[in-house]
Amino acid sequence: MEFLTIGFLGIHRFEDGAAIRGAILITDTETKPLEFRVTGPVRPQKFQEIVYGGLLNEHISVELIGLPLLNSLQQKPNLIIVRDILFLEINTKQEIPTVLLLKEDEPLFNRGTSSKPLNPEDSGRPPVKICTLSQFEPKLEDISHQLQPIFLHRDLMEPFDRLEKACADVDTRNVGNN
């Protein structure tokens, strides 16, 4: 597997947490945009909070945001990078490897999650690590090896800033609001 495209998938909260939008940015290995998608706002109701309990955030992240975004893409990525651990559950529902990108000192709270460092010394950036669930654990070494040269030239955290700003811009313009 060689990366030609990377999907950066994120979730952002608005209206004091009452509204949630997800977005995916598909890029080439230089992180140049190829495709962008954003969801309309998801506004969980009190009844959903009661019925789903502690599973609500995972349900929103995977079923209402992540999978619909992936299904809407014209160009499927070879790899999905996320910053929210709840998105790792997407690995159980589709075939594109999904990895969690963390700063080196960020803790990992999920048992059954493996990690590999990305630490190119010449990058001038703080080290990060990638993690995934057991389904893609055998591919983690290969994924890490392929991300090393990309990380050497590009900050893999930066596209998540673009996602946040794009979601805020869309939300400010009330796109998709009901």
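Is phenylalanine 8 buried or exposed? At 0% relative accessibility, phenylalanine 8 counts as buried, where buried means under 20% relative accessible area, exposed over 50% and partly exposed in between, with a 1.4 Å probe and protein chains only. The structure is a predicted model, in which local features need pLDDT of at least 70 and side-chain atom pairs count only at pLDDT 80 or more, while totals for chains, interfaces and linings use all residues. Residues are numbered from 1 along each chain as its sequence is written, and side-chain values use heavy atoms, with hydrogens and water left out.

**The aromatic pair**

One aromatic pair is counted under the rule that rings of Phe, Tyr and Trp (its six-membered ring) pair if their centres lie within 6.5 Å, planes under 30 degrees apart being stacked, over 60 edge-to-face and the rest tilted. The ring centres of phenylalanine 8 and phenylalanine 160 are 5.5 Å apart and their planes stand at 85°, so the pair is edge-to-face. Because phenylalanine 8 lies in strand β1 and phenylalanine 160 in helix α4, the pair ties together parts that are 152 residues apart in sequence. Phenylalanine 160, at 8% relative accessibility, also counts as buried.

**Helix α4**

Helices (H or I, at least four residues) and strands (E, at least two) are DSSP runs, numbered from the N terminus. Helix α4 covers residues 158-172, and at 1.5 Å a residue its 15 residues should span 21 Å, which agrees with end C-alpha atoms that are 21 Å apart; the expected span is 1.5 Å times one less than the number of residues. Pro159, Phe160, Leu163, Cys167, Val170 and Asp171 are the buried residues given for α4. Seen down the axis of α4, its buried residues fall within an arc of 115°, so they line one face of the helix; the arc is that of the directions from the helix axis to the C-beta atoms. On the other side of α4, Lys165 and Thr172 are exposed. The cover over the buried residues includes β1 (6-14), β2 (19-27), β3 (33-38), β4 (79-82) and β5 (98-103). After α4 comes asparagine 174, whose phi is positive, near 60°.

**Salt bridges**

The model has 10 salt bridges, each being a side-chain nitrogen of Lys or Arg within 4 Å of a carboxyl oxygen of Asp or Glu.

Glutamate 63 is partly exposed at 33% relative accessibility, as is lysine 93 at 46%. In the remaining pair of the table, aspartate 169 is partly exposed at 40%, whereas arginine 173 is exposed at 51%.

**Threonine 5**

Threonine 5, in the segment before β1, is buried with a relative accessible area of 4%. The threonine 5 side chain reaches the backbone oxygen of lysine 76 at 3.4 Å. Leaving aside neighbours within four places in sequence, threonine 5 is in contact (heavy atoms within 4.5 Å) with residues including Ile26, Leu34, Gln75 and Leu79.

Notes. A polar contact is a pair of N or O atoms within 3.5 Å; within protein, one must be able to donate a hydrogen and the other to accept it, and residues adjacent in sequence count only if both atoms are side-chain atoms.
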